[in-house]
Every structure is written in C-alpha cells, then in structure tokens.
Amino acid sequence: MSSEKHEKLWSLLERDQINTKDSLEKAFAHHLEYTVGKHRYNTEIKDVYEALSYTVRDVIIDRLNETQGGYRVNNPKRVYYLSLEFLIGRTLSNALINTGLLDLMKGILEEFGYNLTEILDYEPDAGLGNGGLGRLAACFMDSLSTLNLPGYGYGIRYEYGIFNQQIENDMQIEKPDSWLTKSSNPWEIIRQDVVYPINFYGYVDTKIDPSGKIVSVWHATETVLAMAHDYSIPGYNTITVNNLRLWVAKSSEEFNFDYFNHGDYLKAVEDKQKTENISKVLYPNDTTEQGKILRLKQQYFMVSSSLQDIIVRYKRANKDFKKFSDEVAIQLNDTHPSIAIPELMRIFLDIEKMDWETAWSITTKVFAYTNHTVLPEALETWTVALFEYLLPRHLQIINEINHRFLEEVKRKNILTDQEISDVSIYFEGAEKRLRMANLAIIGSHSVNGVAALHSELLKETIFKAFFKLSPEKFNNKTNGITQRRFLINANPKLSKLISSKIGEGFATNLDLLKGIEQFSEDSAFQDEWNKIKNDNKLELAKIIKADTGYDVDIHSIFDVQIKRFHEYKRQLLNILHVISLFRKLHDNPSLSITPRTFIFSGKAAPGYYMAKLIIRLINSVARVINQDPRVKDFIKVIFLPNYRVSLAERIFPASDLSEQISTAGTEASGTGNMKFALNGALTIGTLDGANVEIMEEVGEDNIFIFGLKAHEVMEVKRNGYNPLSYIGQTPDLQKVFNLLRENFFSPSHQGLFRPIYESLSHQDAYLLCADFDAYSKCQERVSEEFKNKKVWTKKSILNVARMGKFSSDRTILEYAKEIWNVKPTNIKKANLIYEIK
C-alpha cells in the first residue's frame, strides 16, 4: 500500500477521543459482540473480561504506535533487556492503572451491572516466569515505560508455566500450568511477519574466500523458526508504551508428506512437535541429557532471534555498524542469555564479514551483565561436548574469545596461575565445562550485582580475580519494585489513604512517601491504617479458608514467608521455630503467647528432593497443629498452594511480619522484602541481600535483625563448622529434633523426615543450627512488640514512609545513566518526562 493511502487510512482513526466515557462504552460493546462474538443472552464473565481487555488494549496500541513512531523519527539509543523470564502476573488491572482508565472503566462496568473485581480475578497469571528474576524483569519493563526510556524486553512465550502446585497428602504435586487455555489472550499480538530462522547442530567448514581471508561456514542440520508474540507495556501517566517481544518456536516444516502419504500420521507431525517443544515449558527438567539439550536450545533460541531482530531494527536507519554501540545497549539478565555474546560475534564475523578486532570492540561495548547469585554451585555451566554438539560454530568462537583473553591477561602479569585458571571460560575438571558467568564478564563492559552486600561479595569471593583484573567493570544496582503494581494496584485502600495526606505523586516518585512520617503517631491516622490492615487480613483469611479449609484469627500476627523453596532461603528454620513454639504450648497449655498465624507459600523445583521434603514437613506440621485443641487458638500454620503474582498481591497487604531469613551472604537481593515493607509489614531477617539497605533506610529500631553476618558465616565455615556443638547448646532445638525422630508429625510414615535432621546434624550447609537460638529470641521480641499496637503501627508507617529508595524507577535510572547511556525520549503527548541528571 502506498504511503498516501496509509496516511489517509490512519487519519480516519479518532485517537484523541478514545478515552471518553462514550467512546469507551461503545468500544466495550463493540468488542463484546464483534471481537468476542457474544450476544446479550449468552454473555459470561469470561466474555466480559475479554471485551474489557480488548477495549483497554485499543488505548494501549494507540499509544504504542505513537511511541514507536517517535522512536523511528528520533532514532534514540535503545536498551534491550534479555531475560528467560518475565513474571508479569495479570495484565488488566495494571493496564487500567497505568493508562488512567481504572475509575472510568469501573464506573462504566457498574452501570452495565458488572463487578470489576470479579472480572479482574478471572484473568490467569501469565506463565512466563518463576521467581524474583522474572518479577524483577517485569518491574523493569514497567519502569522503562513510565520513565519514557526507549526499551524493549526479549524472552520466550512459554505455552506452559513452570507448573501448577497442588498439595496432596502433605506433598507438592506438579500439574501442567496451561495458562493460555482459560481464555483467549487479548494482550498478545502475534506478528506472523516477524519470523527468524534459528539453526542447531551440524558442522563447520573452514575455507579461504576469494580475497584470501579464512572464513568459517556453519552447515546446520536443524532449523527452527522463531515467531514474535508482542506484549505492550504502558507507562504510568505517559503515552509511552514499550514492547515486550516473546518468541514462539515454529517448525520449518508443518509435517512430513512422505510419512503422511504412507499412513504414518503420528510420525508425520513428530518432528514438528519436537521442534516446537523449545517454547513449550518454562525451565524443563534438566536432570536428563535431553532436558539439558532442550534448556540450552531455549537459551540460544531466545538470544539468536532477539539479536536478529535488533539488527533488523538498527539497519532501518543505518547502512553499517559504526554506530551500533552508540544506538544499542543489551542487558543480560543473569547468565541464561550469555550465549548472545558469541552469537553476536558469529553474526558480525560470518554474516557481516567484520574482522575480529572490530567485531569484539563493538560486542564488548554493547553488552552488560547482571549477576543474581553468590552461590558458586548456582553459576551456570555446560559440558563442552554438549555445547559443541548443539552449537559447533559458537564453541569455535568461544575458544577464540578465551584464547585472546587469556593471552591479554598473561601480558598484564597481574594474576597468579590459579587466578588465571579462575577467569578462564573453561573449567578443566573430570568433564570439561564452559562457565557462562565468565563468558558474560569477559564479553561485557559492565558487571553489576543487585544489592550493595551482594556486589561486594562478588568482588571478594566468586569473581575476585576478575575484579582484580578489571575493577572498573564492577558496580552495584540495588534492585527495586514498581509501586504501581505492589502498592497502588495491590493495596488500593492504603494507597488512597496515603494519597489523601500527601497527594498521588508517590506513584512516580516514591521518595515522596516520606511525607507520611509526620502522621506516624497521629491517633486518627493510625486507626485508619489499622482498619485497612485488618480489612486486608480479612480478605486474605477468606482466601485461606477457600484454599485450605482453615479459619484464622485476623487479630493474630500474620507471620509470612512466601518465596521459591530453597535450602538457603531457610523455610526450614521457620518451621523448626514453629515446632519449638508448638512443643512449649503443648507441654504448658497455660503459657501466654501472642497468637500467630504462620503463612507459607512457594514452589520447589520438581527435582529438588530436600525442598519438596521441607514443603511436606510444613504441611504435616500444619495438619497436626491446626487440629490440636490445646494450641490451635494460639498458633496456626497455613501453606497456600500455587504461589503466583496475583496471590502475592493479596498476601503482601495483609502481612504483619515479613520473614527474610536466608543465611547471610547467600541471597543476592530479594525483592519480596521490599514488597512487604512497602505494604507496612515489619521485617525479621538476617543482614543479607537488600535487608542491609532496608535496615539503613527504615532504621534499626524498625526492623528485627538476628543471626550471623556474612563475614561471620565465612569465618565459622573456615574454622570447621560443627552443627552438633550448636545443637548441644540449644535445648529447644534438641527437643524439636526429638519430635522429628519420634515421627510425631508422620506417625504412619516412619523415618520420613530423617533426611532433614540428619542433614542438619552432620552438614547444615546453611547454618540453621547456628542461628536457631538467635532467631527464636528475636521472635520473642516480635511477640512483645506486637502487643503494643501504637508502637507497632508507628513502625509500620515508618517502614512504608522510608521505602523510597526501593522503587524500580530509581534502579532503572541508575542503569540508564551509569551503564546504558540511554536517555528519555520526548514522545509526542507525553505527560511525564524524567531528566537524568
């Protein structure tokens, strides 16, 4: 179609009228009948949800086109965020808030007889992530748009999420998370015209081209197609809408006609099904060789399609790559996308015909790497044999990267032989392996941790030699969360109370929350604050009743630990303390304690035996305690199944106490700690991850800190940690172990929890026994302080007031200024432009 006809067509759209009450009503009715295909006599809640979503999407797409058109005209430097996870949760409620349509659409729906809350609850959580890594990426996308920064997200559109968790006979049971089957997905735009080939396997030929240059030709034996599926991310109070592009694997051949014609119909589509497995499920079980291959395929599939897309966009305005690093910044969210480094080199060398030095110079200026773990065993590695089998050309490039890097290191004469071995991409063990974190560091101009303590530990421990070699690369970017979702959306009553006192500016400048400090001792304000907390606890109590069958006392302390299950996060320490408290009450029914409801939620990886056993212990303890008439009025234990973003949004506002009790020096940052505090929960925790900075912000009097510090943990381990010596000095812990040994919580399954107490007695890798006594005493302080409602409420208010630092907006502005050199774009009709100073 000609440009003139395009312009004529586009001029027919009444863009400025799309957010009036009349136009929105008409759009809603139109989508209900013509898009969803429903009639007034057969409309259900599903149909209303879809019609409302399409109506809001119309507004967002209009802004998306304005935004992307502005980017094309202005050609700003863009940042591309590569992540295997984007845990976006539900989209509709956040979209209503960010577009400013929430109140208007709520009123329209009420006039039509619909309840917005019911409609919002219909939407399934998108199965595009699992834990903090993916939720951080989603928060960052929200902040990029809100701050008018030209940013794009890239990942995989999984057909199935990690799994739906059910609890049966106290055990975690994994069921498929088929999140796309509940309804159509109004938020997804399938771009069938945006498709790229992704190659695997084969062999590499080396030959001399006509100019006499040695060239490598990769003859791949499998080709998969990557098709773009786009999600539009609207900013708050701005027209800026950025794009989250997720890839779906498609077979290059729909089916084999030869098999089909010979009657083998299953075989005819077998290859297609195998090919499309790449985007089927988030984090396939990689305990088998096939699982490992699929996991590596996913990573390469994501980065190759994304880089091809980035280059196509760059070439629209450029004839060569001289400006590539001036117009492109790529952030690697952990090591999963680190294959992007040799892939970009492959494109530059083999397709664009650059020389090595030019290609490497551009590559290292483009990439930056975020690390998310200080645990050496969690750093991703691949066997050389598997990597070469799947990506033979990339292994050649990695060999050359490593060779040139080590030669340069030796010339500098800074590192010892052992340190040179530590920085090599290759680990020379019984099975030679590629260290992907080392590749990411070598190929990036910036390496950041995600909390001040974490960043220091990276420099002092696992990346000490790298820091010695290139200290200028290392920096800290403390994580943050978006207040639009985790305060305004999750806790609307509290948000409105705060707005009534200080205005709504905190939605885009969280530092303004400091304004409520002046009301921290105001009796009327405290009463309103506590009423909102109790209302939120009542709502959570209804969910608990519906999901578990248990009634809970909303006047008890809601003591909450919700996160992915891992031994270092120490859910086990929490339940051991619960058992200790239960034993004391059981032995002394007249004991006076502050009533508590202990709430757990989270998933364990399907192959993680110990984490799943801890979930079983928690549910077994819950079953015993909640049915014991002597203690059930004082303590309850709740395990809420199938932890997800939408459930978390109900839990944070209702929580009194936030459990952030990982072994000091193991949690990179944590963002749950920030979400709890932003909703008025007080933290009990170790000085680990971002807890350190939360304590600095809220004040030592407004947080409960216990346990060994990171340097003390290292010292205890250096000196030969013996858990039995701590158990011997802690009678309460001994009695807890006795209950486990006596099968008190598993009478019909003798020895069920033996692996737990034996592991703690002989290894205790995360020092639960060393911290148990300090944790128990700290919990006694919590109980005492909760009795003084006025003091507790003041501390709750001060926690919220002092959360300004922990907005993802602040984090993104630091990335933009100090790593990406990306500036806000003055998009037409933008209402809110931030300046990077």
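This is a predicted model: local features need pLDDT of at least 70, side-chain atom pairs count only at pLDDT 80 or more; totals for chains, interfaces and linings use all residues.
1. A quick definition to start: helices (H or I, at least four residues) and strands (E, at least two) are DSSP runs, numbered from the N terminus.

2. The search of the whole structure turned up seven cavities of 30 Å³ or more. The largest one is lined by 18 residues, and Ile88, Thr91, Asn94, Ile233 and Arg485 are the closest to its centre.

3. Now to the sheet. Nine strands make up an open sheet with mixed pairing, and their order is S5-S8-S9-S2-S1-S10-S11-S15-S16. From one strand to the next, the twist averages 25°.

4. Helix H10 (residues 289–315) touches S1, strand S2 (151–156), S5, strand S8 (222–234), strand S9 (241–251), S10 and strand S11 (367–370), and its direction makes about 110° with that of S5. Helix H18 (residues 452–460) touches strand S15 (446–449) and S16, with its direction at about 160° to that of S16.

5. On to the nonpolar cores. The largest has 145 residues, and the ones with the most contacts inside it are Phe200, Phe301, Phe324, Ile330, Phe387 and Trp820. Helix H10 gives the largest share of this core, 11 residues. A second, separate core has 68 residues, among them Leu375, Phe704, Leu767 and Val782. As general background, nonpolar side chains tend to be buried together in soluble globular proteins.

6. Which residues does phenylalanine 324 touch, not counting residues up to four places away in sequence? They are Ile310, Ile311, Tyr314, Leu344, Phe348, Ile362 and Val366.

7. Threonine 363 sits in helix H13 (residues 356–366). Is threonine 363 buried or exposed? Its relative accessible area is 0%, so threonine 363 is buried. Apart from neighbours within four places in sequence, threonine 363 is in contact with Ile341, Leu344, Met345, Phe348 and Gly443. Leu344 and Phe348 are also on the list of residues that phenylalanine 324 touches.

8. Finally, two asparagines deserve a check of the backbone. Most residues other than glycine have a negative phi. Asparagine 75, though not a glycine, has a positive phi of about 45°. It lies in the loop between helix H3 (45–74) and S1. Asparagine 75 has a relative accessible area of 24%, so it counts as partly exposed.

9. Asparagine 148 also has a positive phi, here of about 60°, and is not a glycine either. This residue is found in the loop between H7 and S2. Its relative accessibility is 0%, so asparagine 148 counts as buried.

Terms used:
Residues are numbered from 1 along each chain as its sequence is written. Side-chain values use heavy atoms; hydrogens and water are left out. Two strands pair if DSSP finds at least two bridges between them. Axes are lines fitted to C-alpha atoms, for helices over the stretch in contact, and angles run from 0 to 180 degrees between N-to-C directions. Contact means heavy atoms within 4.5 Å. A nonpolar core is a set of buried Ala, Val, Leu, Ile, Met, Phe, Trp, Tyr and Cys residues joined through side-chain atoms within 4.5 Å. Buried means under 20% relative accessible area, exposed over 50%, partly exposed in between (1.4 Å probe, protein chains only). On a 1 Å grid over the protein atoms alone, a cavity is a set of points where a 1.4 Å probe fits but cannot get out, and a pocket is an open set with protein on both sides within 12 Å along at least five of seven lines; lining residues have an atom within 4 Å of a point. Grid points are joined across faces, edges and corners, and a volume is the space filled by probe spheres set on the points.
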